[in-house]
Amino acid sequence: MHGITVRKYEDKDLPAMISVWNEVVREGVAFPQEECLTAESGKAFFAAQSFCGVAEEESTGKILGLYILHPNNVGRCGHLCNASYAVASAFRGRHIGEALVRDCMARAHGLGFRILQFNAVVATNLPARRLYERIGFKQLGTIPGGFRTKDGRYADICPYYIEV
C-alpha cells in the first residue's frame, strides 16, 4: 500500500494504539471487549500478544491502525492463531485493513502457526467480511445471536479461517 508501512509496534506507539483500539471498543459493533484500555492496561495487553503490528503513515508517522496476533488455543491445537484488527475511523476505506491482514498472515506463518481463525466476526461487519472472503478466508458457519451490541441487541457472528 502506497505511503503506509506495517511494522512491529514500539512503546512510542502505545498512546495511538490505545486510542484506535478504544475507538472500536466504544463503537460497540465489532470487538467483544466492553472496557476501554488505559495507559497501564493497554501496555500490558499489547505486550501479552504474540505480535502486534501497526499501520503507519510514512509521511507523518501517524498510526492509522493496528492488529494483535496470539494463539487461539493450546497444546494439540496450538497451531491455530487468532487476530483482531482496528483502523481509526477517519482512515477506513483506504485498504489499511487489508495491509494489516496480509501482514498478520505472514507473521502468523513466520511464528509457526498454520491456521488463522477469527472466532467472532459480527455478521453486520460487511466490510471486514468482504475483505476476508476476497483474501480467501472460509466462513465456518453462523452463530445466532453470538454478539451483544452496544445497544443491547444481539447480532449473529461468523467464524472464519485460512491456512497460513
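Reader: Tyr67 and Tyr85: are they buried or exposed?

Author: Both are buried in this predicted model.

Reader: What makes Tyr67 and Tyr85 a tilted pair?

Author: Their ring centres lie 6.0 Å apart, and the limit for a pair is within 6.5 Å.

Reader: What else does Tyr85 contact, leaving aside neighbours within four places in sequence?

Author: Its contacts include Phe31, Leu66, Leu100, Cys104 and Tyr132. Tyr85 is also one of the residues that touch the most other members of the largest nonpolar core, which has 50 residues. Tyr67 and Tyr85 share one aromatic cluster with Phe51, Phe118, Tyr132, Phe137 and Tyr160.

Reader: How many aromatic pairs are there?

Author: The count is 13. Another is Tyr9 with Phe46: centres 6.4 Å apart, planes at 55°, so this pair is tilted. Tyr9 sits in the loop between β1 (4-8) and α1 (14-27), Phe46 in helix α2 (residues 39-47), 37 residues apart.

Reader: How do you know whether Phe46 is buried or exposed?

Author: Phe46 has 1% relative accessibility. Buried means under 20%, so Phe46 counts as buried. Tyr9, at 15%, counts as buried too.

Reader: Why is Glu57 called buried?

Author: Its relative accessibility is 16%, under the 20% cut-off, so Glu57 counts as buried. Glu57 is in strand β2 (residues 51-57). Among the residues it touches are Lys62 and Arg94.

Definitions and conventions. Residues numbered from 1 in each chain as written. Predicted model: local features only at pLDDT ≥ 70, side-chain atom pairs only at ≥ 80, totals over all residues. Heavy atoms only, no water. Core = buried A, V, L, I, M, F, W, Y, C linked by side-chain atoms within 4.5 Å. Buried < 20%, exposed > 50% of the residue type's maximum accessible area, 1.4 Å probe, protein only. Contact = heavy atoms within 4.5 Å. Helix = DSSP H or I, 4+ residues; strand = E, 2+ residues; numbered from the N terminus. Phe/Tyr/Trp six-rings, centres within 6.5 Å; stacked < 30°, edge-to-face > 60°.
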